[in-house]
Amino acid sequence: QSSNSSRTQPQSMSRQDDKTPSGVEHLPTHDATLEINVVPIPPAPQNKWAALYRSSFFQICVVSALAFCGPAMADAISGLGGGGQATPYTVNAATAASYCAVAVISLFGGPLASRMGIKGMLIAGASTFAINGSAYYVNSKYGIQWYLILGRFLYGAGFGFWYVAEAAIILSYPEEGRRGRYLAIWVCSRNLGQLVGGSISLARNVTNAGAGAIATSTYLIFVAIEAVGFPVSLLISPPHKVRRADGVPIILAAKQPWRTELLALWRAIIHPRMLLLMPIGFYSYFYGGVLSTYLTNYFTVRARALSSFIVPSGIIVFTGFYGRLLLDSKRMTQRRRAQVGFAAFMIPSLASFGWLCANQAKFLHMSSSPKYDWNSSGWANAYIPFYIMQICGYLCQTYIYWLISCFVVDVQGNARNGGVFRCVEAVGQAVSYGINSNVEARFIPLAINFALAVICIPFTMVLVQQVPHYRDDSTLAVGAPAEGKGVEEE
């Protein structure tokens, strides 16, 4: 480990191979020919406000606030089932278009981040948040479906910029020992937004015990909250000004020509560990289109509004415990936490899928599709597996980003790896919503989702067994040949 004085000087280094001194491979954060810069620690803050404003904790809070204003509101609308519309199929097509845009932008997230900067990407993404709610409002009030599809596509393109920047911050900024806690704050903020959105929807639709669309005025409240995201995004600090609590500076990759950036991107895509991550990445959000369609088809308006309230409530509680008590546990090695953390959400997920498949088969054999209200006989049987799967879906997403952070550290590397991974996630979402836009394909998407859960297990287990037993960021910022320090037990 270098002396403290060496940390205060920017350093340029070239990787010589893909292994740490302990022999543990890591996800590639940059090509072997790329230089990295260790950002000098910013000067000591002059007052308490400056110390808070430049802290990694404050940056996580800003990202979490944006998650509240943007994707949380989008998820709250989606949580109504079919975007709150009477039928889910046009909305599913629009959502598929949105995630196609997210996938393209996310794929090139690394090269774009080196040009625009993390702050620029975050601001660009936040500027499109309000388009999402307006698209639903215009379609609901005036029946203009082309704007729903166009608006969702534009939102998806902007969200792709925000998506990559958010991933880089979430993966790079937290100090060791706080990663699970910060991930829980981020997930809880996103679901607190859904909770607020769900309470609004429930309040405005509580008397509607029939099928159909939610009250049109509900969307205007979502638009207002989404519009707040843009000024909030201006509060984010660029990486070179962030001061982490442990004194370890942020690692940045030096700006490279496009050809070099694209080569590094390609090598990140084909890296064995990234290939192992792809199955669970594709699976992780696939359930969104499946469960949204299930909720719309089989539940009344106010039952859907109730769901948009109680689902995020459960997610906030469970992800908080999951991040703090399991992922940040000091009683287990990092690898053991990876093993237990994976089982904690995958086992109940498989049970829920079996339950949902049994329900779907029963509903399809009925003379007419049921519409369960919250006081209907059979509501619990139809809803409980849906609820468990929603909770497990967010535990899965929290786990994946914690798992990636076991291997990677520098900001551009995280933008590149996070962008590739989020591209895979978005492709999964686009495929899911695309399949669910077909009126006739009611059982097929659920069966595919179940199969994806089973397929991703062996690939993820191979990756889990490669997780270092311990990680120490303090040697990473100066040491350098690798993206993350892995220490194997003797």
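Predicted model: local features only at pLDDT ≥ 70, side-chain atom pairs only at ≥ 80, totals over all residues.

## A nonpolar surface patch

Trp 258 counts as partly exposed because its relative accessibility is 42%, a value between the limits of 20% for buried and 50% for exposed.

## Cavities in the interior

Four cavities of 30 Å³ or more are present in the structure. The second largest cavity has a volume of about 100 Å³. Its lining consists of 13 residues, and those nearest the centre of the cavity are Val 290, Thr 293, Tyr 294, Gln 360 and Arg 442.

Three helices, α14 (287-298), α16 (334-364) and α19 (444-464), each contribute at least two residues to the lining of the second largest cavity. Helix α14 provides the largest share of this lining, with six residues. Sorted by class, the lining of the second largest cavity comprises eight nonpolar, four polar and one charged residues.

Side chains of opposite charge can pair when their charged atoms come close. Across the whole structure, a search finds four salt bridges. One of them joins Glu 261 to Arg 115, with 3.8 Å between the closest N and O atoms. Because Glu 261 lies in helix α12 and Arg 115 in helix α6 (residues 109-126), the pair ties together parts that are 146 residues apart in sequence.

The side chain of Arg 422 forms a salt bridge with that of Glu 166, at 2.5 Å from N to O. Arg 422 is in helix α18 (residues 411-436) and Glu 166 in helix α8 (residues 145-172), so this pair connects parts that are 256 residues apart in sequence. Both residues are buried: the relative accessibility is 1% for Arg 422 and 0% for Glu 166.

Arg 422 also meets Glu 425 in a salt bridge, at 3.9 Å from N to O. These two residues, Arg 422 and Glu 425, both lie in helix α18 and are three residues apart, about one turn of the helix. Glu 425 counts as buried, at 0% relative accessibility. Through shared partners, the salt bridges join Glu 166, Arg 422 and Glu 425 into one network.

Definitions and conventions
Residues numbered from 1 in each chain as written. Heavy atoms only, no water. Buried < 20%, exposed > 50% of the residue type's maximum accessible area, 1.4 Å probe, protein only. 1 Å grid on protein atoms, 1.4 Å probe; cavity = no way out; pocket = protein on both sides within 12 Å on 5 of 7 lines; lining within 4 Å. Points joined across faces, edges and corners; volume = space filled by probe spheres on them. Helix = DSSP H or I, 4+ residues; strand = E, 2+ residues; numbered from the N terminus. Nonpolar A, V, L, I, M, F, W, Y, C, P; charged D, E, K, R; others polar.
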